[in-house]
Amino acid sequence: MTKKIDTVVISETISHKTESSPSESTQKVSASLLAHSQHDRCILMNSSKSTMNFIYNALGSILPIIISLATVPLYIHLLGLSRYGIVTLSWVLLGYFGFLDFGMSRASANALARLPEEDMRSRSKVFMTTLYSNMIMGTIGGLVMYFLGGFVLLHVVKIEPDLIHETQQAYPWMAAMLPFGMLGGVLIGALESRERFLAANMLGTTGNIISQILPLACAWLITPSLTIVIPAILISRVIFVMSGFILVAQKEKELRIQDFSTEWLKKLFGYGSWVSISAFLNPILDSLNQIVIGAMLNAAAVAKYSVPMTLAIRSQVAATALARTLFPRLSRATHEEAVDTTQKSVGALAYGFAVICGPAILFSFTFLHFWIGEKFAVESGTVAEILLFGAWTNGVAFIPYNFLQAQGRPHQTAIVGMIEILPFLVTLWVSIHFFGLPGAAMAWTLRVTINAFVLLSLSHCITRKMLHLLPVIAMMGGSLLLALLVPMTPLMATGVSIMAFLSFLFAALLIDPVFNETVRRKLGL
């Protein structure tokens, strides 16, 4: 391609030789060749940087998953299903009240991505304004969560009588986590706006590991009580925020604590107000099933659902990594460039992520059997199979969701969420009533699948170029039906999963050009 372009440039330059001297023509040819050479090097550098950023983000998601695979059985063994279910619900409540961020973390990341790195004064004002705003709102939110969330946890969820007093003592520590979680979002966003994904992932991964290991160590060394585990989680969050602020201060260099700007606050809030609606609705839409399960069934059922749900969500490593990598660049891109990038990314992700999710659907029952136990697999295996299909469609939706927010259209993601919530709640209640835990999984998977289609439509990405996704959609649907309808021994499940992996990989290489090109480039072919 480069040689063809250069030939055209040379021909065009020589065609004007009647207007220029031979020496001038030679200089123009040389200048054109140099300009295109520099352009090609720039493209290669950007491609290499994007690839490395994607790898950093993927590793930043994979390492916590590995830690969770080791710690979840230990948590269940030490705490029991009921206590672990309460810990899970505390995270759900924190997600609900995270809407008090009012979209400021996302707004600041978008603003910082658009600002030149050399404009240190404006960058300091954006960052410090967002930090102070989240600090104040997080403190207020913690107080609201203490009273309102405590009522939900203690009076709506069916907690075993002997754990009620212990939960009451531990709950204030849960509420105290909220401000630190909101500050953490600002810190990560500031690093990612500069595409400092290595630093952001080192910070996030370290914080996640500490939050997993420290509470478990305290439960083992002291006592497996919520009054020990929850404060340990809070301590890990404090360590994360302190470390993050030091890291951001080193990168931004000229931060000033007095840089609070009412002008920037208005600008950020104008963008963030719509993001805040999505931030309020997304935890509800993603985790409402766990609250309803706790209300309709019991806390132990929440644990039986939350374990496969956690696995499904954390399988979205590639989707999360790609979305995080693209957001700063989509923020700076023109509409046409952003649509083209989004379409290519959706295609590559749909096929690449299916290479993971398709075989995982077929192997999930066997995995739970050997990981936690046969009884748990019988109760949660079908849930895992359905949720993994939903994780695939939900992961694909990350790309158009990011596109809309990066391009300054966060109101559309918010409106979609508002329209979804009531039908989802009704579907969820009916599904749990008739089908139990698998019903909850079906309701969530149906919602995220419809959501993906709507977001792609709003992003103007559903064109003839996307018809090549039909084969992978059919293959994923076939994998889910096979897992649900055909009982398999562990050996049979292993063999079928390997065959599925090879089939999905072959389809991705054959059908999606972006996936094929990426693999060939990384392999040096």
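Reply: Let's start with helix α11: at 1.5 Å a residue, its 16 residues should span 22 Å, and its end C-alpha atoms are 24 Å apart, which agrees. Please keep in mind throughout that this is a predicted model.

Me: Where in α11 is there a kink?

Reply: The kink, of about 35 degrees, lies at leucine 326, shortly before the proline at position 328.

Me: And why is α11 described as largely enclosed?

Reply: Twelve of the 16 residues of α11 are buried, so this helix is largely enclosed by the rest of the structure. Among the buried residues are Val317, Ala318 and Leu322, and both leucine 326 and proline 328 belong to that list as well.

Me: Which residues of α4 are buried?

Reply: The buried residues of α4 are Met104, Ser105, Ala107, Ser108, Ala109, Asn110, Ala111, Leu112 and Ala113. Because nine of the eleven residues of α4, which covers residues 104-114, are buried, this helix is largely enclosed by the rest of the structure.

Me: New topic, pockets. How much space lies in the second largest pocket?

Reply: The second largest pocket holds about 460 Å³ of space. Its lining is made by 21 residues, and those that lie nearest its centre are Leu311, Ser315, Ile356, Ala360 and Leu388.

Me: Which elements give two or more residues to the lining of that second largest pocket?

Reply: They are α2 (22-79), α10 (299-314), α11 (317-332), α12 (335-371) and α13 (374-406). The largest share, seven residues, comes from α12.

Me: What is the lining of the second largest pocket like by class?

Reply: The lining has 17 nonpolar residues, together with three polar ones and one charged one.

Me: How many cavities of 30 Å³ or more are there?

Reply: The count comes to two cavities of 30 Å³ or more. In the second largest cavity there is about 90 Å³ of space.

Me: What lines the second largest cavity?

Reply: Its lining includes Ile65, Tyr84, Thr310, Arg314 and Trp371, and Leu311 is also one of the lining residues. For the second largest cavity, α2 and α10 each supply at least two lining residues, and the largest share, five residues, comes from α10. By class, the lining of this cavity has seven nonpolar, three polar and one charged residues.

Me: Let's switch to salt bridges. How many does a search of the whole structure find?

Reply: The search finds nine salt bridges. In one of them, the side chains of glutamate 420 and arginine 447 meet at 2.9 Å, N to O. Glutamate 420 lies in helix α14 (residues 410-435) and arginine 447 in helix α15, so the pair ties together parts that are 27 residues apart in sequence.

Me: Is that pair, glutamate 420 and arginine 447, buried or exposed?

Reply: Glutamate 420 is buried, and arginine 447 is buried too.

Me: What about lysine 465, which residue does its side chain meet in a salt bridge?

Reply: The side chain of lysine 465 meets that of aspartate 340 at 3.5 Å, N to O. Lysine 465 lies in the loop between α15 (437-458) and α16 (470-485) and aspartate 340 lies in helix α12, so the pair ties together parts that are 125 residues apart in sequence. Aspartate 340 is partly exposed, with a relative accessible area of 27%.

Me: Which residue has a positive phi although it is not a glycine?

Reply: That residue is histidine 460, with a phi of about 60 degrees. For comparison, most residues other than glycine have a negative phi. Histidine 460 is found in the loop between α15 and α16, and with a relative accessible area of 45% it is partly exposed.

Me: Last one: how far apart are threonine 393 and leucine 446?

Reply: They are 53 residues apart in sequence and 9.5 Å apart in space, C-alpha to C-alpha. Threonine 393 has its place in helix α13, and at 7% relative accessibility this threonine counts as buried.

Methods:
Residues numbered from 1 in each chain as written. Predicted model: local features only at pLDDT ≥ 70, side-chain atom pairs only at ≥ 80, totals over all residues. Heavy atoms only, no water. 1 Å grid on protein atoms, 1.4 Å probe; cavity = no way out; pocket = protein on both sides within 12 Å on 5 of 7 lines; lining within 4 Å. Points joined across faces, edges and corners; volume = space filled by probe spheres on them. Helix = DSSP H or I, 4+ residues; strand = E, 2+ residues; numbered from the N terminus. Nonpolar A, V, L, I, M, F, W, Y, C, P; charged D, E, K, R; others polar. Expected span 1.5 Å × (residues − 1). Bend = angle between axes of the 7 residues up to and from the residue. Buried < 20%, exposed > 50% of the residue type's maximum accessible area, 1.4 Å probe, protein only. Salt bridge = Lys/Arg side-chain N within 4 Å of Asp/Glu carboxyl O.
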